[in-house]
Amino acid sequence: MTHHLEALTRKNEKRSDLRNLRKEGRLPCNLLGKKGTVGMVHINAREFSLLMRDGLSKTLELSIDGGTSVSVELKEIQRNPVTKDIIHVDMLIAGGTAAAGA
């Protein structure tokens with residue numbers, strides 16, 4: 001079963017901007033292709049945590065900025081070492097192409 005999430009692009013990667021995203025309940029993510037990072041997005045942290053709790057498979061469908069869906073696989077999930085909250089996710093675009101529009 002493939003899960004769908006809405007993602008929005010992000011441009012800033014300053015530490016304060018990422019901190020503010022997390023305070024708003026958003027989870028910063030990097031989209032990776034064969035040749036490195038192809039885009040930066042943020043998703044709803046609560047929805048992602050619920051998917052993880054319910055046994056998320058490695059494959060997700062991301063709808064970026066309301067556009068077409070992109071199939072991604074989870075590559076790495078970074079957690080806060082004290083609280084164990086998810087603070088960042090790296091996702092590999094299936095096929096490694098830059099079809100994300102980012």
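Reader: Let's start with I77. Which residues does it touch, leaving out those up to four places away in sequence?
Author: I77 touches F48, M52, I86, H88 and V89. Keep in mind that this is a predicted model.

Reader: Okay, and where is I77 found?
Author: I77 is in strand β5, which covers residues 69-79.

Reader: You listed H88 as a contact. How many residues apart in sequence are I77 and H88, and what's the C-alpha to C-alpha gap?
Author: They're 11 residues apart in sequence, and their C-alpha atoms sit 6.1 Å from each other.

Reader: With that set of contacts I'd like the accessibility too. What does I77 count as?
Author: I77 counts as partly exposed, because its relative accessibility is 27% and buried would need a value under 20%.

Reader: Switching to β4. How many of its residues are buried?
Author: Strand β4, residues 59-64, has 5 of its 6 residues buried, so it's mostly covered.

Reader: Which strand pairs with β4 in the parallel sense?
Author: That's β1, residues 3-9, and the pairing runs over 5 bridges. Within it, A7 of the model stands opposite I64 in β4.

Reader: And β5, parallel or antiparallel to β4?
Author: Antiparallel, over 5 bridges. As an example, L60 has V72 in β5 as its bridge partner.

Reader: What about the hairpin there, how many residues lie between the strands?
Author: There are 4 residues between β4 and β5 in that hairpin.

Reader: What's the phi of D65?
Author: Near 55 degrees, which is a positive value, and D65 isn't a glycine.

Reader: Is D65 buried or partly exposed?
Author: Partly exposed, because its relative accessible area is 44%, and exposed would take over 50%.

Reader: Which loop holds K84, and what's its phi?
Author: K84 is in the loop between β5 and β6, with β6 spanning 86-93. Its phi is positive at about 70 degrees, although K84 is not a glycine.

Reader: And why does K84 count as exposed?
Author: K84 counts as exposed because its relative accessibility is 51%, and the cut-off is over 50%.

Reader: Last one, a general point. In a regular strand, where do the side chains go?
Author: They alternate between the two faces of the sheet.

Definitions and conventions. Residues are numbered from 1 along each chain as its sequence is written. This is a predicted model: local features need pLDDT of at least 70, side-chain atom pairs count only at pLDDT 80 or more; totals for chains, interfaces and linings use all residues. Side-chain values use heavy atoms; hydrogens and water are left out. Buried means under 20% relative accessible area, exposed over 50%, partly exposed in between (1.4 Å probe, protein chains only). Helices (H or I, at least four residues) and strands (E, at least two) are DSSP runs, numbered from the N terminus. Two strands pair if DSSP finds at least two bridges between them. Contact means heavy atoms within 4.5 Å.
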